[in-house]
Amino acid sequence: MTNERIKELEVKLTELDDKGKQGLKKVDVLNELAFALYSTDLDRTRDYATKAIELAERLEYKKGEARGYRTIGVYFWLKGAFHEALEKTLKSLKISEEAGDEDGCASSLNNMGLINMNLGKPDLALEDHRKASEIFERLGNTESQAKTLTNIGIIYDAQEAYEEALKYFLRGLKLHEEIDNKTVLAGSHSYIGSSYRGKGDYNKALEHYLMAVDISESTGKKLDAAIAYKGIGSLYTKLQQYDQAVDYLEKALDLARQMKSKHQEISVYRYLLEMYEARQDYKTALECLKKVHSLESQIFSEESDAKIARLQVMYETEKKEKEAEIYRLKNVELEEMVARRTAELEELIYVTSHDLRTPLRAISGFSQFLYEDYFDRFDKEGKNYYDLLLKAVTRMERLLDDLLSVNALSRKKVKFSTVPSSKLIKRALEILNPPKDSEVKFDPEELPLLHCDQSKITDVFYHLISNGLKFNKRTHKRIKITARDSGKSHEFAVEDNGIGIEERHYERIFQTFQRLHQLGDYEGTGVGLSMVKRVIVEHGGKIWVESRIGKGSVFRFTLPKKSHQRR
Ligand code: ADP
């Protein structure tokens, strides 16, 4: 790929967004850039591929993610970190398989073959390449098929089966030429050169290496040029023309350094070592050997550093996942426990209040008999006690009724539907039937549509209005209902001109059976507001009161615009 193309891609990159279709395109551009740079600047290859992986993961773009990992594999491979390379490439293979991307699978297999070769596993490598070549042929991907054939050639070449190697190399070259694939022709010629050299046919070898040099100079691919220079250097060594050998090997060394490829550098030093040995310049040969060792130890420590860093990341990730899992489990357990306990409690309330009804009915029945058969015989005090007894029974009956209705309310699931809030207020007023001396004001036009449980919110309005009228000593009792938009919720206000509530009771009044007055003063059991609060909380809202003694109270509550149920 030319420098212009790389620049063009880099410009394109700045124009693309991280989201949607543009995001996918960006992954492709990042991958293309990473791949385009591997023969000239490995660090940038790594950076672009890493970015591609990150973005692809975020966008769940499997194909792009696999391609990124494949390129990172190439990066490690060229760095000489073969285990890392194999691991990343395997990952890309897995992702490609998951995504059903056959072409991607074949590419990963092909790269795995290359890496397995470097790991000294030619049999595995051969298997990988064969599989890849079959897939490519089936898919009609001639270019990639040609590359895998070349790779099979490389394996045979390494096993010194030069005839076999040449067969594959030449088949590969032919396919590349057929589709006029200039970018890999240099490599193909170098490989052919290598096999001819192995066979001892130096002239043929030189011919192919020089072709490789020519082509790589026109494509600007440093890796291709370095390989060709190395090949020519080694040929001159064989031909005992050492000065020429040094020239070419120095050129190769220079390129390897430009590419920051230690792997290539080591390889060139090995050729130099071979040459100085042949030349019997043992001092320089020893220096080359030292270089090889020092580079190898650098690679080794880089690889182990990378491994330690990776292990650290894996450890951290696993730890976080475990913690999250424990937290999740705890929460689930807690929620289940609370739900179970609540259900048990509700059951207990239900059973107990029903059980209590039986003796209460007996008391009520006997007091009835008492009234019918003995009331006349009671003196004044007796009649008074009888009166108190009857009131206590009635109150007990009401308490049990209310307890049961609280219980029934919490057992009943919220059923959401959309309704104008004014309709619910009207319904509440129908049930309540407010006394003549009172006025309940609201403007249906200004009240919002609600997404709520209609019957439960009707109850809310019922209790708030009835309290506003009940705890009110004025001759003209007034209630005003308004609403305002508070962003994600509607905020209602039910305002009365009643007796007011002291600030210290603002919380208490919402608790079950909590009342602020003597029994005789106002009727009630103290469950109304606690039911109101339950319903509001169940809908995901909040309720509070603002009040001034002697002036009146405002009960405010919110209801989310979108359904939101909490239990
Ligand atoms: P109940 O009406 O059955 O007594 P609630 O739970 O509805 O029970 O109310 C609890 C207590 O809060 C009432 O007993 C009363 O003291 C006080 N309260 C409720 N609403 C008002 C109001 N609008 N103005 C003054 N006090 C109120």
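1. The second largest pocket is lined by 35 residues, and those nearest its centre are Asn-467, Lys-470, Phe-471, Glu-523 and Gly-524. A pocket here is an open set of points, on a 1 Å grid over the protein atoms alone, where a 1.4 Å probe fits, with protein on both sides within 12 Å along at least five of seven lines, and lining residues have an atom within 4 Å of a point. Helix 18 supplies the largest share of this lining, seven residues.

2. This is a predicted model, in which local features need pLDDT of at least 70 and side-chain atom pairs count only at pLDDT 80 or more, while totals for chains, interfaces and linings use all residues. Residues are numbered from 1 along each chain as its sequence is written, and side-chain values use heavy atoms, with hydrogens and water left out.

3. The ligand sits in the second largest pocket, in the sense that more than half of its atoms lie within 2 Å of the pocket's grid points. Of the 21 residues around the ligand (a heavy atom within 4 Å), Asn-467, Lys-470, Asp-496, Gly-526 and Leu-529 come nearest.

4. For polar contacts (pairs of N or O atoms within 3.5 Å), a backbone N or O atom of Leu-529 lies 2.8 Å from an oxygen atom of the ligand, and for Gly-528 the corresponding distance from a backbone N or O atom to a ligand oxygen is 3.3 Å.

Definitions and conventions: Polar contact = N/O pair within 3.5 Å; in protein donor to acceptor, adjacent residues only side chain to side chain. Helix = DSSP H or I, 4+ residues; strand = E, 2+ residues; numbered from the N terminus.
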